[in-house]
Amino acid sequence: MTKIVVTGASGYLGQEIVRLLKDTGRDVISVGRTAGDLRCNLHDESQVAAMVRGLQPDSIIHCAAAVPSTDADYSNDVAAEYSLKLVQNLIAASPKHIVFTSSMTVYRADQVIPVSENDALEPEAGYAGGKQRAELMLAKSHINTTVLRLPGLFGGHRKGGLLYNVAQAFSRAEVPRLPEKPPLWGALHVNDAARICISASEKREKGKYLVLNAGYPDVQAIHLAVTALAKRCGRPVPKMSSGPLFQMNLERMRKVLGRKFGSWNERLDELVEAVMMEEKENDQ
């Protein structure tokens, strides 16, 4: 049976990946600094080497990173360097295969859509720059790697984030708080993201470096998402600025992974239904 290691297994995406793997009876080992099946400080090169040598996993799904929690965190170079060190240590340990969870933020806000994996990337600092440099580092290594460029995640057990907060405001007949200048934005349900990561861990070709866009085919933007949620909740669309449009070319993902992963509209329906149910229960 294929053995899969998940780093950052106590995080939002990592937890969902581990849950899905265990539910299907897969051989999965969750790795974390303070929690998981195996404790390992990924910032310590010797510990990472010992972990890979001891477990000999067929694939490592690498979710561990310093994840931004505020807008200011996206420009934090220190956090980006911390995350980059984790990737360096994994490469030094020479695992058989790495699934690296990158980000749509490596694309420029003015990029012509739909963006494809071969589009030129513009070097940046902070979170996006760290993801970009990690991709380049993996490309230059000998490690069999699948890079997944993921949008922002929502759904599951997370009670927060833009989509949840907007849906909750509409369910309470309130006007949601929205950014004055909406940034480049896209979203993917955490369950769909987890299934993409698992599928990518199963598609391993020795010596190959592969980058895949991982999301929905729909055109996304904050003002489009708010409008969609307002209509679903029967609320008027609030006045707001239009943000940049974002769309992924998913032809390569479909070709490599061979199937569709979720529906943007269905996931929005599920979100609104869940929020409405929560509000109803809170009122009782």
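At what angle do helix 3 and helix 4 pack, and how far apart are their axes?

## Helix 3 and helix 4

The angle is about 15°, and the axes of helix 3 and helix 4 lie 8 Å apart. Helix 3 is therefore roughly parallel to helix 4 (angles under 35 degrees count as such). Axes are lines fitted to C-alpha atoms over the stretch in contact, with angles from 0 to 180 degrees between N-to-C directions. The crossing is right-handed.

## Basis of the model

This is a predicted model: local features need pLDDT of at least 70, side-chain atom pairs count only at pLDDT 80 or more, and totals for chains, interfaces and linings use all residues. Numbering runs from 1 along each chain as its sequence is written, and side-chain values use heavy atoms, leaving out hydrogens and water.

## Second largest pocket

The second largest pocket has a volume of about 180 Å³. A pocket is an open set of points on a 1 Å grid where a 1.4 Å probe fits, with protein on both sides within 12 Å along at least five of seven lines; lining residues have an atom within 4 Å of a point.

Of its 20 lining residues, the closest to the centre are Ala 66, Ala 79, Ala 80, Ser 83 and Tyr 127. Helix 3 (77-92), strand 5 (97-103) and helix 4 (126-140) each give two or more residues to the lining. The lining has twelve nonpolar, six polar and two charged residues.

Definitions and conventions: Points joined across faces, edges and corners; volume = space filled by probe spheres on them. Helix = DSSP H or I, 4+ residues; strand = E, 2+ residues; numbered from the N terminus. Nonpolar A, V, L, I, M, F, W, Y, C, P; charged D, E, K, R; others polar. Parallel < 35°, antiparallel > 145°, perpendicular 65-115°, else oblique. Left-handed = near helix turned anticlockwise from the far one by under 90°.
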